[in-house]
Structure formats: C-alpha cells, structure tokens
Amino acid sequence: MYEAEITPGSPAFERFVGEVACAARLRPGFQAKEINPKALVVLLGSDYLSHVAQDEHVARAQLIATVAHEAIGQTRDDGKTPYIVHPKAVVETLRSAFSLGGIWYGRLSKEEESHCLAAAWGHDTLEDTGLTPAYLRAFRVRDETTKRIVLLTKPAVKQLDAVKRSELMEIHHNEMFDDKLAPIVKFADRGHNIEMASLEVVKSKQIDKQIDRWSDKAIKTRIELIQRYNANPDLRPMGAKLEEQVAHLENTIRLLKREIARQNRRPDSLTQHPSQISYGGFGAAG
C-alpha cells in the first residue's frame with residue numbers, strides 16, 4: 001500500500017525522504033546536509049529496487065537509515081565515508097549468516113530474518129540521529145523491528161558517574177540478551193566495528209588516542225558481550241567469532257606499541273608512520 005513512498009522517482013518518495021530528513025535533523029550538534037536525489041539513489045545501491053520487491057520492510061528500513069544518517073552529514077571516523085556503509089556491512093554479515101553454510105542458516109523463520117535485517121539497517125538511527133521510536137512507527141517501521149532497534153540503542157551515559165554508567169549498561173546488555181534477535185544483530189555490528197578498527201588504528205594520525213580507545217573497546221567487548229554469547233549455547237559460535245576478531249585487534253595494537261617503542265618517539269612525530277610497517281597476515285577477519 002505504501003510501496004510508492006520507498007520507490008525512487010515518485011512524488012511520494014520525495015515527500016517521504018523529506019519527512020525522514022527533517023526528523024533526523026532534530027538531533028542537535030550536527031550540520032544539516034541537503035539530500036541530493038541522485039546521490040541518494042547511488043547510496044541505496046543498484047540492488048535497492050530488488051530489495052523493495054523482495055521485502056518492503058527491509059527496504060523501508062534501509063531507506064530511512066540512509067536518509068537519516070546522510071541528512072546530518074554523518075560519516076565514519078575518517079570523516080569521508082558515508083556512515084551508512086557501516087549498517088550496510090552489518091546487513092551483509094547477517095545475510096551471509098542466514099545463507100547456506102552460515103552460522104544461522106535455517107535457524108530463524110523468514111520473518112525473524114527480516115526483522116534482523118531491518119533492525120541492522122536502523123540500529124544506530126536512534127542513538128545518532130533525531131529519530132525516535134515514535135518517528136519510526138510513524139514511518140511505518142514494524143513494531144517488532146522498532147523494538148529491536150530500541151534494544152540495540154546504547155543509553156546516554158556519558159554525563160553519569162562511573163557507578164551509575166556501569167549499572168545502566170548492565171541493564172542495557174541484560175535486556176538485549178533477553179531477546180532472541182537483538183544479540184544476533186549486535187554480533188554483526190560489533191564485529192564490523194572491531195574488524196574496521198584493526199585497519200583504521202594503523203592508519204590513524206593520532207595513533208596513541210586510537211590505541212587507548214580500541215584497547216578499552218576490546219576489554220569491554222569481552223566483558224559486556226563475549227561472556228554473554230558464550231553463556232548461551234545457541235550464541236557461542238558468535239562469541240567465538242568475536243573473540244577471534246578481538247584477538248586480531250589486540251595483536252595489531254601490540255605490534256603498533258612495539259614499533260612506537262622501537263622508534264622511541266612520540267606517535268605524532270614518528271619518522272616512519274606505523275601504517276608503513278608490514279603486518280603479515282593482518283587481513284580483514286572473514
């Protein structure tokens with residue numbers, strides 16, 4: 001009934017994109033960015049229309065997330081890559097997991113797979129943009145998908161003291177792991193971030209800060225996520241995969257620290273940037 005509003009080229013599509021963009025820009029602290037229709041179609045990808053035909057709900061989530069992140073000019077850490085590249089990678093990880101030979105092949109219903117894919121597209125929209133659960137429902141995102149996006153949204157804890165922050169994060173992770181589908185999406189989300197960190201920390205111009213940031217993230221991934229995955233027999237394969245990716249990141253960090261110590265200089269004044277070092281076998285985790 002509402003397929004026209006998610007199909008490029010129609011007046012309904014342009015109106016819908018405008019409504020999503022306006023809602024996304026309600027998030028303070030970001031520079032509003034105009035949505036170029038042609039550029040949007042490129043970001044959606046050549047297979048977007050097939051997604052509309054195959055699963056309108058997943059395509060709707062893809063469009064909403066793409067517009068929301070783009071409307072506030074959000075990028076990845078390099079300041080150039082459109083942010084939607086991350087949700088897309090999370091979705092592709094899940095598609096692979098649900099396919100023949102994947103760790104979740106045949107273990108979920110098609111409807112559950114659809115909710116996972118839709119939630120993967122939207123998993124950062126509430127945290128990073130002006131969208132709210134009410135907006136998602138107004139934009140006709142299914143309640144079951146919205147529920148998972150809420151569960152995947154980290155609570156705002158930056159301004160809290162360490163004890164209260166720890167308590168809220170504990171509640172957040174417990175609620176997420178009480179759900180059947182949210183941990184599956186979280187696995188693909190954290191896995192992609194850890195995988196990219198292994199590549200990006202080497203290239204960073206502020207290596208010392210990135211080393212501290214991702215060393216902390218590796219520890220938290222083990223405490224907050226991997227222990228929970230390993231406690232559930234159904235989720236253990238994901239815990240093992242995350243552990244492999246975390247170990248890979250930690251190995252990268254160890255070699256960086258060793259090289260920095262060898263050169264005996266501050267990271268910002270190295271004569272040979274660590275990205276020039278050969279890290280044999282450090283390809284992206286598969």
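How much space lies in the largest cavity? I began with that question. The model I worked from is predicted.

**Entry 1: the largest cavity**

I searched the whole structure for cavities of 30 Å³ or more and got three. The largest cavity holds about 60 Å³ of space. I then listed its lining: Leu44, Asp47, His51, Gln62, Lys88, Val91, Glu92, Arg95 and Trp121.

**Entry 2: the largest pocket**

I turned to the pockets. The largest pocket has a volume of about 1,500 Å³. I counted 42 residues in its lining. Which of them are the closest to the centre of the pocket? I noted Glu127, Lys154, Lys158, Arg190 and Lys217.

I then looked up the elements behind the lining. Those that give two or more residues to the largest pocket are helices H7 (125–128), H10 (162–177), H11 (182–203) and H12 (207–231). H12 supplies the largest share, eight residues.

Last, I checked the classes in the lining of the largest pocket. I found 20 charged residues, 12 nonpolar and 10 polar.

**Entry 3: recap**

For the largest pocket, I keep H12, with its eight. I also keep Glu127 and Arg190 on my list, as they are among the residues closest to the pocket centre.

Key: Residues numbered from 1 in each chain as written. Predicted model: local features only at pLDDT ≥ 70, side-chain atom pairs only at ≥ 80, totals over all residues. Heavy atoms only, no water. 1 Å grid on protein atoms, 1.4 Å probe; cavity = no way out; pocket = protein on both sides within 12 Å on 5 of 7 lines; lining within 4 Å. Points joined across faces, edges and corners; volume = space filled by probe spheres on them. Helix = DSSP H or I, 4+ residues; strand = E, 2+ residues; numbered from the N terminus. Nonpolar A, V, L, I, M, F, W, Y, C, P; charged D, E, K, R; others polar.
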